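Please open the model in a viewer and keep the selection tool at hand.

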Amino acid sequence: MKLVTTSLAALVVASGAAQACEITLRSSDTHPEGYPTVVAVEAMGEMLEERSDGRICVEVFHSAQLGEEKDTIEQTQLGVIDLNRVSLGPFNNIIEETKVFSLPYIFRSTDHMHAVVDGEVGADILAEFSNHDLVGLAYFDGGSRSFYNSKKPITSVADIEGLKFRVMQSDVFVDMVDALGGNATPLPYGEVYSSIQTGVIDGAENNWPSFESSGHYEVAGYYTLDQHLIVPEVLVMSKTKMESLSAEDQALIRQAAKDAVPVMRDLWAKREKASEEKVRAAGVEIVDDIDKTPFIDAMDVVYEKHVTSDKLKDLVTRIRAVE
Ligand code: GTR
């Protein structure tokens with residue numbers, strides 16, 4: 001009996017080895033292991049592996065192992081990286097249409113953002129990636145972003161005056177901080193912690209999970225929930241890589257990416273709460289009763305500067321019309 005069990009186990013191992021991945025998609029993420037975006041792409045990989053009988057696998061390189069977002073986007077366009085989970089922000093200077101999702105206060109809530117990205121506008125913007133050597137596969141959550149800094153609690157727009165904030169590498173965000181009276185410094189995510197620590201910048205802006213997982217809360221003890229941005233994130237694929245695969249495999253990848261979205265949303269909601277608890281417990285001073293109206297009003301200049309073409313104007317109108 002023992003013999004049979006052993007040989008069965010050996011058979012399972014052997015067949016596992018025989019079905020080694022024929023295609024391994026290398027995927028980039030700036031976030032650490034266990035972060036919702038990382039886990040969601042791993043979940044997508046598990047679905048793909050199962051549905052392709054072990055032929056297609058995904059290997060997630062977390063913690064910016066493959067580089068900072070701006071560089072990994074270029075590498076994905078070149079086909080050096082196969083999959084990339086990134087914020088839409090760093091795409092703004094490359095794919096104009098993505099700007100509309102990076103406009104301050106464009107989304108009324110996370111539910112509104114979900115309704116937009118899950119609908120026609122979301123599909124239209126995802127389709128734009130194919131004009132830039134990429135395939136847009138799915139939208140992930142990026143929560144709402146707010147300002148944090150090492151100097152003082154921000155209780156009104158006036159408090160932002162003269163403070164230096166890191167922003168993602170997009171002109172929209174530079175203009176957003178300028179419009180509030182602050183100074184914007186576009187920097188890669190990985191440089192934010194040390195830049196705050198050494199006083200090169202006073203702060204940055206992000207959502208609860210990023211503020212927490214990056215450790216920025218350790219060096220920036222004031223967080224004001226002005227929620228100026230809800231920027232969706234995207235999972236993109238190299239177009240060259242996608243087109244090198246059979247139609248069946250392409251469909252499997254698209255479907256697995258879609259199926260990873262609810263997994264992601266569930267993980268995100270849980271992590272937002274856990275990160276908030278951790279940051280509050282660490283003693284960060286949180287301003288959560290800020291009057292957002294003056295912040296919203298100050299953004300008119302950002303819209304005037306960036307929403308100039310009929311195409312973008314139309315997209316903004318369509319986003320606002322979504323219930
Ligand atoms: C995070 C986002 C990352 C990255 C980062 C940043 O919220 O998930 O993709 O864009 O912000 O500020 O650079």
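**The ligand and its surroundings**

In this predicted model, begin by selecting Thr30, Glu69, Val86, Ser87, Gly89, Gly142, Met168, Tyr189, Asn206, Asn207, Ser210 and Glu233, which surround the ligand. Colour this shell by class: three residues are nonpolar, seven are polar and two are charged. Both domain 1 and domain 2 contribute to the shell, each with at least three residues.

**The two domains**

Next, colour the chain by domain. Domain 1 comprises 17-141 + 232-275, and domain 2 comprises 145-230 + 280-321. The centres of the two domains, taken over C-alpha atoms, are 24 Å apart. Where they touch, 30 residues of domain 1 and 28 residues of domain 2 take part in the contact. To view the side belonging to domain 1, select α3 (69-78), α4 (110-118) and α11 (247-281), each of which supplies at least two residues to it. That side holds 14 nonpolar, nine polar and seven charged residues.

Now turn to the interior. In soluble globular proteins, nonpolar side chains tend to be buried together. The largest nonpolar core here has 84 residues, and Val41, Met44, Leu235, Val236 and Ala260 touch the most other members. The helix α11 gives this core its largest share, nine residues. At least three residues of the core come from each of domain 1 and domain 2.

Finally, centre the view on Ala260. Which residues is Ala260 in contact with, leaving aside its neighbours within four places in sequence? Select Ala40, Val41, Ala43, Met44 and Ala138 to display these contacts.

Notes: Residues are numbered from 1 along each chain as its sequence is written. This is a predicted model: local features need pLDDT of at least 70, side-chain atom pairs count only at pLDDT 80 or more; totals for chains, interfaces and linings use all residues. Domain bounds come from an automatic or database domain assignment. Two residues are in contact if their C-beta atoms, placed from the backbone, lie within 7 Å. Helices (H or I, at least four residues) and strands (E, at least two) are DSSP runs, numbered from the N terminus. Ala, Val, Leu, Ile, Met, Phe, Trp, Tyr, Cys and Pro count as nonpolar, Asp, Glu, Lys and Arg as charged, and the others, Gly among them, as polar. A residue is near a molecule or strand if its C-beta atom, placed from the backbone, lies within 6 Å of it. A nonpolar core is a set of buried Ala, Val, Leu, Ile, Met, Phe, Trp, Tyr and Cys residues joined through C-beta atoms within 7 Å. A residue is buried if 20 or more other C-beta atoms lie within 10 Å of its own, exposed if 12 or fewer, and partly exposed in between; C-beta atoms are placed from the backbone.
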